[in-house]
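Here is a short tour of one structure, written for someone who likes to know the cut-offs behind each term. Have the viewer ready and follow along.

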Amino acid sequence: MKEIEAKAKRIKLFIMDVDGTLTDGKVYIGPGGEEFKAFNIKDGLGIKYLIKRGIVPAIITGRKSEIVLTRAKELGIEEVYQGIEDKLSAYHQLVEKYKLNAEEVAFIGDDLNDLSLLDQVGLSFCVADAVETVREKVDYVTKQKGGEGAVREAIDLILHQ
């Protein structure tokens, strides 16, 4: 845990996946094609704490959803990359934009499309119900599942260093 605490002290950018991480991975589609997702309020408050501490929150997700933009705006997340097949390219854009090195970046995800990013960052997290391959690769597996406060758990670990 000391190694994780040391890594957490350096974080200046916190990148999050959405489906299965900020949400439980379920997508509800209404009769008119409208999409619904549930976000955890505790995660949202944690994101606001990140911003207050000067840590940039960012979203990189493979799907596109208007509701993600709405939630990001509500929380003050300015860096939102949606419909991204190659999450690594968005990561490189963020690192370049903020002039950071890998040790200053944390990422939390849950599935195979997050693996390339997990290998690049200084501190990697996944949710408790992430796929096994991801759980084996990260620095820290949260006790909480995706959409149930896992992002807040990771944020608390970073902020309490």
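## A helix across the sheet

Helix α7 (residues 150-159) lies across β1 (13-16), β6 (105-109), β7 (123-126) and β8, and runs at about 165° to β1. The model is a predicted one, where local features need pLDDT of at least 70, side-chain atom pairs count only at pLDDT 80 or more, and totals for chains, interfaces and linings use all residues. Numbering starts from 1 along each chain as its sequence is written, and side-chain values use heavy atoms, with hydrogens and water left out.

A few words on terms: helices (H or I, at least four residues) and strands (E, at least two) are DSSP runs numbered from the N terminus. Axes are lines fitted to C-alpha atoms, for helices over the stretch in contact, with angles from 0 to 180 degrees between N-to-C directions.

How much of α7 is buried (under 20% relative accessible area, with over 50% called exposed and partly exposed in between; 1.4 Å probe, protein chains only)? The count is 9 of its 10 residues, so α7 is largely enclosed by the rest of the structure. Among these buried residues are Val151, Ile155 and Leu159. The buried residues of α7 pack against α1 (2-8), β1, α2, β6, β7 and β8, where contact means heavy atoms within 4.5 Å.

## The sheet itself

The open sheet has 6 strands in the order β5-β4-β1-β6-β7-β8, with parallel pairing; two strands pair if DSSP finds at least two bridges between them. β5 (79-81) and β8 (140-141) stand at the edges with a single partner strand each, so one side of each lacks a neighbour in the sheet.

| Parallel pair | Bridges | 
|---|---|
| β4 and β5 | 3 bridges |
| β1 and β6 | 4 bridges |
| β6 and β7 | 4 bridges |

Within these pairs, Ala58 stands opposite Glu79 in β5, Leu13 has Val105 in β6 as its bridge partner, and Phe107 has Ser124 in β7.

Strand β6 is mostly covered, with 5 of its 5 residues buried. Val105, Phe107 and Gly109 point one way from β6, while Ala106 and Ile108 point the other way.

## Asn40 in its loop

Asn40 sits in the loop between β3 (35-36) and α2 (41-52). Its relative accessibility is 17%, so Asn40 counts as buried. A polar atom of the Asn40 side chain lies 2.7 Å from the backbone nitrogen of Lys42, and the Asn40 side chain also reaches the backbone oxygen of Gly147 at 3.4 Å. Not counting residues up to four places away in sequence, Asn40 touches Leu22, Arg71, Gly147, Glu148 and Gly149.

Terms used
A polar contact is a pair of N or O atoms within 3.5 Å; within protein, one must be able to donate a hydrogen and the other to accept it, and residues adjacent in sequence count only if both atoms are side-chain atoms.
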